[in-house]
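Subject: Structure for you to look at

Hi,

Here is the structure I promised to send over. Please open it and keep it beside you while you read.

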Amino acid sequence: MNHSVTKGWTLLLVLLVFSAATVFFVPSSDKMMSSSDAPLSEKKLYVDMAQSVLRINDNVNTEIFDLPKFFILPMDLSPAPKPDPSRFTEDSYEDDTIKVKCWRERIEFKNKTVTANFADVVIAHPSQLRTAFAGGSYGTSKRTHASKMAEANNAVIAINADFYNCRTDGLIIRQGTLYRKKPFGIDTLFIDSQGDFSIVRDYYAINTEYFVKNEIYQTIVFGPVLVDNGKAIKKLEGFNSITCAPRGYNPRTAIGQIGKLHYLLCTVDGRSDVSIGVTTNELADIMAEKNCRIAYNLDGGQSSTMIFNNKLYNVVSDGGERWMSDILYFATSVPESEWNGEFGSMR
């Protein structure tokens with residue numbers, strides 16, 4: 001075999017090796033590149049985003065912006081990275097992995113006007129949608145203020161969850177761990193490993209192992225369902241839910257999904273002369289009008305709490321924050337070491 005033929009075969013072999021390496025080491029548009037020599041919780045992983053996500057502006061419309069890279073947070077109960085204090089304004093936070101815009105509205109109904117508090121949230125990765133327990137672990141008898149849990153877990157924005165330890169029933173999954181599997185006929189909010197919402201009755205989810213097949217990372221057990229497929233769901237009573245006095249005017253908390261990794265939080269102030277509160281049907285209308293595809297009612301009354309930058313953003317009823325068991329929060333995934341680097345600023 002002459003020298004030119006040998007050289008040609010060598011070049012072909014190099015190209016084949018390079019092509020194989022590309023398949024394994026270059027992420028496709030719908031896959032993340034991970035390390036084989038360390039678990040996610042022990043290593044920072046950079047992943048190029050194939051597509052843009054949605055930008056929030058003052059009118060809660062959307063434009064396109066780039067999130068070039070992001071970090072993946074461990075799916076456990078450890079606190080998230082601290083948010084960069086310099087990136088907070090009075091009503092917003094923004095870095096390369098999260099954008100939060102908060103605002104208040106006076107909403108008119110036929111017989112009243114109420115104050116609603118909103119937070120529009122876009123994240124770069126599903127691991128930034130997180131839950132936390134009072135005392136840092138499940139099953140504890142400890143209860144504390146939502147603001148304390150938010151601060152302990154470095155939340156950018158947080159709301160109360162479902163007060164799980166007020167009950168012994170329910171399908172409770174938090175941060176990917178199954179803690180309780182005792183159904184009692186509740187339409188449950190499921191949040192999967194992609195950050196997408198679905199509503200499934202707990203009996204069905206347990207009997208079909210829905211929560212295993214669909215890689216469910218979080219469940220919230222309260223209800224009722226407020227919006228499904230973009231339409232407000234209205235009921236005369238709070239069937240298949242835990243909520244009390246669904247037709248009463250009360251403070252309320254809701255979470256909704258607008259699009260991919262795009263969410264809306266809402267608390268409605270209540271039990272005051274300024275804002276009496278809303279029914280669950282009225283809350284359904286509010287969330288549907290804000291373009292939620294799915295929305296779910298969380299614990300309400302004095303539990304209704306929104307924390308932004310470690311401060312109360314809403315007016316809590318009945319004399320101040322309630323001691324409760326859990327929160328749902330959104331976090332940055334930029335570590336403090338990168339605050340002044342590429343990952344701390346939008347391009």
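Below is what I found, starting with the overall picture and moving on to the parts.

First, a caution. This is a predicted model. The average pLDDT is 82, and 77% of the residues score at least 70. Take care with residues 1-68, where pLDDT stays under 50. The model has 82 contacts beyond four places in sequence for that stretch.

Now the overall picture. The protein has 5 helices and 20 strands. Of its 347 residues, 52% count as buried. Take the contacts between residues at least 6 apart in sequence: 70% of them join residues at least 24 apart. The protein exposes about 16,400 Å², and carbon and sulfur atoms supply 52% of that area.

Next, a sheet. It is open, with 5 strands in the order S6-S20-S7-S18-S19, and the pairing is antiparallel. Which strands stand at the edges? They are S6 (129-133) and S19 (311-312). Each has a single partner strand, so one side of each is left without a neighbour in the sheet. For S6, look at S20 (residues 326-330): 5 bridges join the two, and they run antiparallel.

Then look at S12 (residues 216-220). Of its 5 residues, 4 are buried, so this strand is largely enclosed by the rest of the structure. Strand S10 (residues 187-192) runs antiparallel to S12, with 4 bridges between them. Here Asp192 has Ile216 of S12 as its bridge partner.

On to the cores. Nonpolar side chains tend to be buried together in soluble globular proteins. The largest nonpolar core here has 37 residues. Which of them touch the most other members? Val100, Ile157, Ile255, Phe308 and Phe330 do. Beyond its neighbours within four places in sequence, its contacts include Ile159, Leu189, Phe197, Met287, Leu328 and Phe330. Another core, of 20 residues, lies apart from the largest one. Among its members are Val227, Val278, Leu283 and Ala284.

Last, helix H5 (residues 280-289). Is H5 mostly covered or mostly open? Mostly covered: 7 of its 10 residues are buried. They are Thr280, Glu282, Leu283, Ala284, Ile286, Met287 and Ala288. Just after H5, Asn291 takes a positive phi of about 70°.

Best wishes

Methods. Residues numbered from 1 in each chain as written. Predicted model: local features only at pLDDT ≥ 70, side-chain atom pairs only at ≥ 80, totals over all residues. Heavy atoms only, no water. Pairing = 2+ DSSP bridges. Core = buried A, V, L, I, M, F, W, Y, C linked by side-chain atoms within 4.5 Å. Buried < 20%, exposed > 50% of the residue type's maximum accessible area, 1.4 Å probe, protein only. Contact = heavy atoms within 4.5 Å. pLDDT = per-residue confidence, 0-100. Areas by Shrake-Rupley, 256 points an atom, 1.4 Å probe, with all protein chains shown as cover.
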